[in-house]
Amino acid sequence: MRVPEVRPAGLIAEDLGLPVLYEDEHLVVIDKPAGVAVHPGAGIVSGTVVHGLLHQVRGLAGIGGELRPGIVHRLDKDTSGCLVVAKTEPALRGLQAQFKGRSVDKRYLALVHGAPRDEGSFDTFYGRHPVDRKRFSSRLRQGRRAVTRWRVVDRAAGAALVEVELLTGRTHQIRAHFADAGSPLVGDALYGGRKRESGLPPDAPLRRAAEAIGRQALHAEMLGFVHPVSEAPLRFEAPLPPDFRAALDELGLRYPLRR
């Protein structure tokens, strides 16, 4: 029986210089820059992680009969940090099973408005916003379960730096949970952060912090999982990017210590 050749994915490879944290024959982990979408979609036909990895990654074995990287999970376009991508079909299946089974460790850093409690959790129903279909909501009477844990790392007047652990991986989960709790992310245009900042004086530290980062203040700092082939435990950390550090500097907030 002749095995069919892997066909090209029909996408043009682009040199995006994506920072690689780890790579082997089965998978690659990158530190996704803010402003880069994970894959093509509505209105996005170039400049994505998929386009960049087609240029950078060697040894793609093919996913679903196409020569392309396998997207296991996603980060919003304006969220930075750790992202794992499969290079082979077995790696894709193994990683998907871990994400579905909620055995992947995911830690984020977020800069939020207001004064949240020192630590806590959100455990809610979750789904599309009933009015604004671009948004998601946790204020629903039914839907999928969404669980978010957090602890405050440091505080400033009107803002807090929080460390967030995702126990589920819903679209916009961190952004929607904190916004629904009255503490939208700094710089978040979709969930109300930017609206709050527009009402502050131009020289207010929180407004300057939002201008320094220029996006929602969310960074996927750590990703931990079991290698889908070797079964070795893996853990990766992405350094806080310069725009996020600049926002913290405006507020006099200290950077979280590495563990």
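## Exercises on strand pairing and ring pairs

L109 has E163 in strand 11 as its bridge partner. The model is predicted, so local features need pLDDT of at least 70 and side-chain atom pairs count only at pLDDT 80 or more, while totals for chains, interfaces and linings use all residues. Residues are numbered from 1 along each chain as its sequence is written, and side-chain values use heavy atoms, with hydrogens and water left out.

**Exercise 1.** Find which strands pair with strand 11 (residues 159-166), and how many bridges join them.

*Solution.*
1. Strands (E, at least two residues) and helices (H or I, at least four) are DSSP runs, numbered from the N terminus.
2. Two strands pair if DSSP finds at least two bridges between them.
3. Strand 7 (residues 105-113) runs antiparallel to strand 11, and seven bridges join them.
4. Strand 10 (residues 144-156) is also antiparallel to strand 11, with eight bridges. One of the bridge partners here is A159 in strand 11, which faces A156.
5. Strands 10 and 11 form a hairpin with two residues between them. In the turn, G158 has a positive phi of about 85°.

**Exercise 2.** Is strand 11 mostly covered or mostly open?

*Solution.*
1. Buried means under 20% relative accessible area, exposed over 50%, and partly exposed in between (1.4 Å probe, protein chains only).
2. Of the eight residues in strand 11, seven are buried, and the strand is mostly covered.

**Exercise 3.** Classify the ring pair of F122 and F178, and state where its two residues lie.

*Solution.*
1. Rings of Phe, Tyr and Trp (its six-membered ring) pair if their centres lie within 6.5 Å; planes under 30 degrees apart count as stacked, over 60 as edge-to-face and the rest as tilted.
2. By this rule there are six aromatic pairs.
3. For F122 and F178, the centres are 5.3 Å apart and the planes stand at 85°, an edge-to-face pair.
4. F122 is in strand 8 (residues 119-128) and F178 in helix 3 (residues 173-180), 56 residues apart, and the pair links distant parts of the chain.
5. F122 is buried at 14% relative accessible area, and F178 is buried at 1%.

**Exercise 4.** Why is the pair of F225 and F236 called tilted?

*Solution.*
1. The ring centres of F225 and F236 are 6.0 Å apart and the planes are at 40°, so the pair is tilted.
2. F225 belongs to strand 12 (residues 218-226) and F236 to strand 13 (residues 233-237), so the pair ties together parts 11 residues apart in sequence.
3. Both F225 and F236 are buried.
4. Ring pairs join Y22, F225 and F236 into a cluster.
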